Structure formats: structure tokens, C-alpha cells
Amino acid sequence: METSQLLKGVLDLAVLAVLRHDDGYGYDVVRRLRQAGLDDVGDASVYGTLRRLYKAGLLTTYVVASEEGPHRKYYGLNELGRERLANSVKTWRGFAATMERLLGENS
């Protein structure tokens with residue numbers, strides 16, 4: 001099973017989870033996902049996910065000037081984003097528990 005296929009299904013949840021406590025700009029989100037162990041996550045996938053989640057009304061944005069280059073667009077969870085995260089966590093935990101049971105039966 002390819003990790004990239006699994007990532008496609010959970011990238012929204014992973015991005016929302018990364019932004020749960022601290023806002024972040026695009027590359028910061030990528031870096032935090034990789035530090036968490038999602039080494040195969042692509043920059044373009046994360047940037048696209050951030051734009052899509054923003055358009056869906058789950059994120060807020062604001063721009064901060066940077067001394068090291070162009071201004072950075074920060075993303076943060078709004079109330080709707082927090083609700084989506086909570087619902088997605090419940091769904092994920094149920095799915096993961098089901099998979100653990102299935103995999104345990106075949107061991």
C-alpha cells in the first residue's frame with residue numbers, strides 16, 4: 001500500500017490537526033506535518049489543501065510581514081474548522097479501530 005494514497009484520504013484531517021493549537025503559514029504547515037512523521041507529504045498538496053479548506057469556510061487567514069522574504073499568509077482554525085476537526089477525529093478513530101480489529105483477526 002502506498003503512503004501517498006493514504007495521505008490523500010487524511011490530509012484534511014492532518015492539516016486541521018496541525019493548526020489546532022497554532023496558526024501557520026504554508027511551508028510551516030508542511031514542516032510540522034513532516035516533523036510529525038508524514039515525510040511523504042508534498043508541498044503542493046498541502047498548499048492546495050489549505051486553499052480548499054479556506055474556501056470551504058474552515059480556516060481564517062491573515063498576512064504577516066517577513067524580514068526574510070515575502071509576506072506570509074497565515075492560516076488558523078475558526079469555529080467551523082474546529083467542529084470539522086472534532087467530527088473528523090471521531091470518524092478517524094472509529095475507522096482506525098475497525099482496521100485494527102480486521103488486522104488483528106488475520107495475525
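**Figure 1. Burial of tyrosine 25 and tyrosine 74 in the predicted model.** Both tyrosine 25 and tyrosine 74 are buried in this predicted model. For tyrosine 74 the relative accessibility is 18%, and the residue therefore falls in the buried class, whose limit is under 20% relative accessible area. Tyrosine 62, in contrast, has a relative accessibility of 36% and so counts as partly exposed. Ring pairs join Tyr25, Tyr62 and Tyr74 into a cluster.

**Figure 2. The edge-to-face pair of tyrosine 25 and tyrosine 74.** Three aromatic pairs turn up when the whole structure is searched. In the pair of tyrosine 25 and tyrosine 74, the ring centres are 5.3 Å apart and the planes stand at 70°, so the arrangement is edge-to-face. The cut-off that applies here is an angle over 60 degrees. Tyrosine 25 belongs to strand β1 (residues 24-25) and tyrosine 74 to strand β3 (residues 72-77); the pair therefore ties together parts that are 49 residues apart in sequence.

**Figure 3. The stacked pair of tyrosine 62 and tyrosine 74.** The ring centres of tyrosine 62 and tyrosine 74 are 5.5 Å apart with the planes at 10°, so this pair is stacked. Stacking requires planes under 30 degrees apart. Distant parts of the chain are linked by this pair, with tyrosine 62 in strand β2 (residues 59-64) and tyrosine 74 in strand β3, 12 residues apart. On the strands, tyrosine 62 stands opposite tyrosine 74 of β3. Tyrosine 74 thus has a ring pair with tyrosine 25 and another with tyrosine 62.

**Figure 4. Charged side chains over tyrosine rings.** Arginine 72 lies over the face of tyrosine 25, 4.3 Å from the ring centre. The ring of tyrosine 25 is also the one in the edge-to-face pair with tyrosine 74. Lysine 73 lies over the face of tyrosine 54, and its distance from the ring centre is 5.5 Å.

**Figure 5. The three-stranded sheet.** An open sheet is formed by three strands in the order β1-β3-β2, with antiparallel pairing. β1 and β2 are the edge strands, each pairing on one side only. Strands of a sheet are paired through backbone hydrogen bonds, in either a parallel or an antiparallel sense. Two bridges connect β1 and β3 in the antiparallel sense, and glycine 24 has tyrosine 75 as its bridge partner in β3. Six bridges connect β2 and β3, again in the antiparallel sense.

**Figure 6. Tyrosine 27 in helix α2.** Helix α2 (residues 26-35) contains tyrosine 27. The relative accessible area of tyrosine 27 is 41%, so the residue is partly exposed. The C-alpha atoms of tyrosine 27 and tyrosine 74 are separated by 10.0 Å, although the two residues are 47 residues apart along the chain.

**Figure 7. The largest pocket and its lining.** The volume of the largest pocket is about 310 Å³. Its lining is made of 12 residues, and the closest to the pocket centre are Leu6, Leu7, Val10, Trp92 and Phe95. Two or more lining residues come from each of the elements α1 (3-18) and α4 (79-105). α1 gives the most to the lining, with six residues. By residue class, the lining has 11 nonpolar residues, one polar and no charged.

**Figure 8. The chain as context for the close-up views.** The protein chain holds four helices and three strands, in the pattern α-β-α-α-β-β-α when read along the sequence. Its C-alpha trace spans about 55 × 30 × 20 Å along the principal axes. Of the 107 residues in the protein chain, 29% count as buried, and tyrosine 25 and tyrosine 74 are both buried.

Terms used. Residues are numbered from 1 along each chain as its sequence is written. This is a predicted model: local features need pLDDT of at least 70, side-chain atom pairs count only at pLDDT 80 or more; totals for chains, interfaces and linings use all residues. Side-chain values use heavy atoms; hydrogens and water are left out. Rings of Phe, Tyr and Trp (its six-membered ring) pair if their centres lie within 6.5 Å; planes under 30 degrees apart count as stacked, over 60 as edge-to-face and the rest as tilted. Buried means under 20% relative accessible area, exposed over 50%, partly exposed in between (1.4 Å probe, protein chains only). A charge sits over a ring if NZ of Lys or CZ of Arg is within 6 Å of the ring centre and within 35 degrees of the ring normal. On a 1 Å grid over the protein atoms alone, a cavity is a set of points where a 1.4 Å probe fits but cannot get out, and a pocket is an open set with protein on both sides within 12 Å along at least five of seven lines; lining residues have an atom within 4 Å of a point. Grid points are joined across faces, edges and corners, and a volume is the space filled by probe spheres set on the points. Ala, Val, Leu, Ile, Met, Phe, Trp, Tyr, Cys and Pro count as nonpolar, Asp, Glu, Lys and Arg as charged, and the others, Gly among them, as polar. Two strands pair if DSSP finds at least two bridges between them.
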